[in-house]
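This report is written for a reader who meets the structure here for the opening time. Please look over the sequence and the model, then follow the text from single residues to the sheet and the ligand.

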Amino acid sequence: MTEPRFLPYQPPRLPEEEMRRQAHTFYALMQARRSVRHFAPDPVPRALIELAIATAGTAPSGAHRQPWRFVAISDPEVKRRIRLAAEAEERQSYEGGRMPPEWLEALVPLGTDWHKPFLEIAPWIVVVFEEVHGVSADGSKRKNYYVKESVGIACGLFIAALQQMGLATLTHTPSPMGFLSKILGRPENEKPYILFPVGYPASDAEVPNLCRKSLDELAEWISPVAADPRVPTHLN
Ligand code: IYR
């Protein structure tokens, strides 16, 4: 058993006005984000992808196991193999009866189909693997905790980091994703979690006309009875 060890943690407290300003700026940045399926082929420096992955790696994780692995691909040959394998699976899903009519109906507003040209056009594909269990020095299995939650949070930070640097991405989950383990030669304790094409949006990129839920629709407040029953929103 290792003993717990602690360090002081005293990040500076900002004046409330400054907190509000920074929160608004970040909210506006994230509100402007859209999932993109039309990418420009322009290259993106590896250093930027490194920073986005490093940012993702700051996520909290169950028992601090950090159960994630990011595989970043810019090799056109490997991107092509991923595209072909993803399209073969997606074709089965869309046209081979694997997706029930209700699901296909739900995707109509997104305009998606089995063609995935972005997997070749985007300069980078980042495939995130969840580490289902760790492997100790003696080769035995080491349990991980809250793996899906931890990797999901890491992916959220990855998306935010890309948005902050003006890059676009898409949360893509070709299904099933086993082909990614094979093409990328990943060990048995890693399972594909999500795939992100990353790049600049194409100059003629379009996105579906969707609305996000308003704050009223997505939040509930449990406040003391004396509090103002209709507090004005601070989002404007
Ligand atoms: N994986 C398919 C289908 C798909 C599923 C959901 I849920 C989406 O939000 C979008 C697409 C595809 O990528 O086309």
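Arg5 counts as exposed because its C-beta atom has 5 C-beta neighbours inside 10 Å, where exposed stands for 12 or fewer other C-beta atoms within 10 Å, buried for 20 or more and partly exposed for the range in between, with C-beta atoms placed from the backbone. Arg5 belongs to the segment before H1, and its C-alpha atom lies 36 Å from that of Trp221, a residue 216 positions away in sequence. Residue numbers start from 1 along each chain as its sequence is written. The model is a predicted one, in which local features need pLDDT of at least 70 and side-chain atom pairs count only at pLDDT 80 or more, while totals for chains, interfaces and linings use all residues.

Met177, in contrast to a residue of the leading segment, sits in the loop between E5 and helix H7 (178–184). Met177 counts as partly exposed because it has 19 C-beta neighbours inside 10 Å. Although Met177 and Glu89 are 88 residues apart along the chain, their C-alpha atoms are separated by 8.4 Å.

Turning to the whole chain, eight helices and six strands are found, where helices (H or I, at least four residues) and strands (E, at least two) are DSSP runs numbered from the N terminus. The C-alpha atoms fill a box of roughly 60 × 55 × 40 Å along the principal axes, and 23% of the 236 residues count as buried.

Helix H1 (residues 16–31) has 16 residues, which at 1.5 Å a residue should span 22 Å, and this agrees with its end C-alpha atoms being 22 Å apart; the expected span is 1.5 Å times one less than the number of residues. None of the 16 residues of H1 is buried.

The table lists the strand pairs, a pair being two strands between which DSSP finds at least two bridges.

| Strand pair | Sense | Bridges |
|---|---|---|
| E1 and E2 | antiparallel | six bridges |
| E2 (residues 124–131) and E6 | antiparallel | eight bridges |
| E5 (residues 168–169) and E6 | antiparallel | two bridges |

Trp68 stands opposite Glu130 in E2. In E6, Glu190 is the bridge partner of Glu131, and Gly199 is that of Ala168. Strand E6 (residues 190–199) is mostly covered, with nine of its ten residues buried.

Around the ligand lie Glu90, Leu107, Leu110, Thr112, His172, Thr173, Pro174 and Ser175, each with its C-beta atom, placed from the backbone, within 6 Å of it. This shell has three nonpolar, four polar and one charged residues, where Ala, Val, Leu, Ile, Met, Phe, Trp, Tyr, Cys and Pro count as nonpolar, Asp, Glu, Lys and Arg as charged, and the others, Gly among them, as polar.
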